[in-house]
Amino acid sequence: MTSQLRNMIRRLNLSKAKSKHTSVKEEEKYHRHSNDDELCHAIEQYETILSVHDARCDASPDQISSNSLLNDTIIKGASDTTLLRIAEHFPGLLGHRGDHGRFPVHIACAYGASSDFIYKCVSMYPLTAAAQDDDGRTPFHFLCKSFAKSCDNTSMSWDRNAIERRMARILWILYRKAPSAIVIEDNHGVDVVEYALEADMSMTFIRLLQDMVARVHEHNAKMKANRKLMQARSPLLQQKDSFCMAFY
């Protein structure tokens, strides 16, 4: 399995390099940073963990999920195609909580992974869209915080706009899976809108966030009102039932 994965990654990276019509020097630089060995080593470690887990049925899921194999792979800059293929062959990695209590979707939002990969993460494990790390931050927080880092190397307004459009697609993916998570504050009481303001995102994106937050608050208010109405009606219904029983 490891040799097959190694060959698969090399074919994917070679195809990507050729599709961009890179020079020989650029292609060599690309291969030096493709992290084939690191990726395969990560998969080997993961397979070892699964083997140990199969041999020791008393091992808890928390012990198994304490690794950060896929998280490290994302941080090292693996291509989105490679990440998607790894997720396809080892979908269990998407549900493993790594260092600092972060799932791969947290890291993917923080390091600019594609919307396709993030959709794969939350589709396979929907609860991770609302999961909080050790600092209380959700993927929403990481997404907004990543904007400033994504714009560090660009001063062109159209580049910033392209980044925001990509982030808006990811925001909708997360929101559809876990709408209530958008109002969660981190351990310091900071919400998603404040993260976006701190990252100097556009007012268009911030208004989108505020609209989503308002929808969740409105929904929660309606649910709370309905519960109170049902509680108020409960004694009346009990009295009505008692009267009917006494009549018959």
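This is a predicted model: local features need pLDDT of at least 70, side-chain atom pairs count only at pLDDT 80 or more; totals for chains, interfaces and linings use all residues.
Helices here are DSSP runs of H or I with at least four residues, and strands are runs of E with at least two, numbered from the N terminus. Residues are numbered from 1 along each chain as its sequence is written, and side-chain values use heavy atoms, with hydrogens and water left out.

Is Ser79 buried or exposed? A residue is called buried under 20% relative accessible area, exposed over 50%, and partly exposed in between (1.4 Å probe, protein chains only). Ser79 has 10% relative accessibility, so it counts as buried. Ser79 and Ser114 lie 35 residues apart in sequence, and their C-alpha atoms are 9.2 Å apart in space.

Now for the interior. A nonpolar core is a set of buried Ala, Val, Leu, Ile, Met, Phe, Trp, Tyr and Cys residues joined through side-chain atoms within 4.5 Å. The largest such core has 52 residues, and those with the most contacts inside it are Phe117, Leu171, Leu174, Ile182 and Leu209. Helices α5, α6, α7, α8 (115-124), α9 (139-150), α10, α11 and α12 each supply at least two of its residues. The most comes from α10, with eight residues. Take Leu171 as an example: leaving aside residues up to four places away in sequence, Leu171 touches Phe140, Leu143, Ile182, Phe205, Leu208, Leu209 and Met212, where contact means heavy atoms within 4.5 Å.

Rings of Phe, Tyr and Trp (its six-membered ring) pair if their centres lie within 6.5 Å, with planes under 30 degrees apart counted as stacked, over 60 as edge-to-face and the rest as tilted. By this rule there is one aromatic pair. The ring centres of Trp172 and Tyr175 are 5.8 Å apart and the planes stand at 90 degrees, so the pair is edge-to-face. Trp172 is partly exposed at 25% relative accessibility, whereas Tyr175 is buried at 9%.

Finally, look at two loops. Most residues other than glycine have a negative phi. His100 has a positive phi of about 60 degrees although it is not a glycine; His100 lies between α6 (80-89) and α7 (104-110).
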